[in-house]
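Colleague: I would like to learn how to read the packing in a model such as this one, beginning with the aromatic rings. Could you take me through it, giving the general idea before each case?

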Amino acid sequence: AGGQGSRMGGVDKGLQSFQGAPLALHALWRLRMQHGDWMADCMINANRNLAAYEGFGVPVWPDELGGYAGPLAGMLTALMHCETPYLLTVPCDTPRLPLDLAQRLCQALTEQQADLAMAAAPEADGRVRTQPVFCLLGAHLLESLSAFLQEGGRKIDAWTARHRCAVVSFDRPDDDPLAFTNINTRGELHALQQATASP
């Protein structure tokens, strides 16, 4: 939840209400509902309104890098505070993220002996596109990510391309087609509210 929310008028996107609760809290709830004993602890990366996020009952860490350096800065911060062999990252603006996300990414990472695993999902045009912010990565990648950011790198794809990466497609018939719908504008927030309220 460390972004500037520029496409939403500069508001703190993670604190915007969706079905009566903040977007980031929906993401946290769905992480805690993951199938199996996958989740050890959760934390939130945020750069403002820290007290509001602390009210969710988990540790809150601002970016170690200044200047809103993007999702990789959030990943770096999380890796610096990660006390487990792996870290699962999700964005705060996707309140319907899959409840089997951790399980499927973990299975692919293990089977392919990869350094990280990321989700992929179909778009409106039918093409399956990677969703690199939904990422399970080994804690050993901290040094690599730190070096990449110090070199001025900011693009997730450029960094993940340096490592063995497993891609997991969430395009099964029973997968929620709205699972990876992210909210960047108030219009998108309203549209997902409507779609979720529909029978």
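Modeller: A pair of aromatic rings is described by the distance of the centres and the angle of the planes. Rings of Phe, Tyr and Trp (its six-membered ring) pair if their centres lie within 6.5 Å, with planes under 30 degrees apart counted as stacked, over 60 as edge-to-face and the rest as tilted. By this rule there are three aromatic pairs. Helices (H or I, at least four residues) and strands (E, at least two) are DSSP runs, numbered from the N terminus.

Modeller: Before we continue, note that this is a predicted model, in which local features need pLDDT of at least 70 and side-chain atom pairs count only at pLDDT 80 or more, whereas totals for chains, interfaces and linings use all residues. Residues are numbered from 1 along each chain as its sequence is written, and side-chain values use heavy atoms, with hydrogens and water left out.

Colleague: What is the geometry between phenylalanine 170 and phenylalanine 180?

Modeller: Their ring centres are 5.3 Å apart and their planes stand at 65°, so this pair is edge-to-face. Phe134, Phe170 and Phe180 form one aromatic cluster.

Colleague: Are phenylalanine 170 and phenylalanine 180 buried or exposed?

Modeller: Buried means under 20% relative accessible area, exposed over 50%, and partly exposed in between (1.4 Å probe, protein chains only). Phenylalanine 170 is buried because its relative accessible area is 4%, and phenylalanine 180 is buried with a value of 8%. Phenylalanine 134 is buried too.

Colleague: Arginine 104 brings us to helix H4; which of the residues of H4 are buried, and what covers them?

Modeller: In H4 (residues 101-111), the buried residues are Leu101, Ala102, Arg104, Leu105, Ala108 and Leu109. Their cover includes strand S5 (86-89), strand S6 (116-122), S7 and S8. Just after H4, glutamine 113 takes a positive phi of about 50°.

Colleague: How many bridges join S6 to S7, and how many join S6 to S8?

Modeller: Two strands pair if DSSP finds at least two bridges between them. S6 and S7 run antiparallel and are joined by seven bridges, with leucine 116 having leucine 137 in S7 as its bridge partner. These two strands form a hairpin with five residues between them, and glycine 126 in the turn has a positive phi of about 95°. S6 and S8, by contrast, run parallel and are joined by five bridges, and here alanine 119 stands opposite valine 168 in S8. S6 is mostly covered, with six of its seven residues buried.

Colleague: How many disulfides does the structure hold?

Modeller: A disulfide is a covalent bond between the sulfur atoms of two cysteines. The cut-off is a pair of cysteine sulfur atoms within 2.5 Å, and the structure holds zero disulfides. For cysteine 92 the closest cysteine sulfur, in cysteine 42, is 14 Å away, which is too far for a bond. Cysteine 165 is likewise in no disulfide, the nearest cysteine sulfur being that of cysteine 135, 6.5 Å away. Cysteine 92 counts as buried because its relative accessibility is 11%, whereas cysteine 165, at 29%, counts as partly exposed.

Colleague: Where in the chain is confidence lowest, and where is it highest?

Modeller: Where pLDDT is low, the predicted coordinates should not be read in detail. This score is the predictor's confidence in each residue, from 0 to 100. The mean pLDDT of the chain is 90, and 92% of its residues reach 70 or more. Confidence is lowest in H7, at a mean of 84, and highest in S8, at 98.

How values were computed
Contact = heavy atoms within 4.5 Å.
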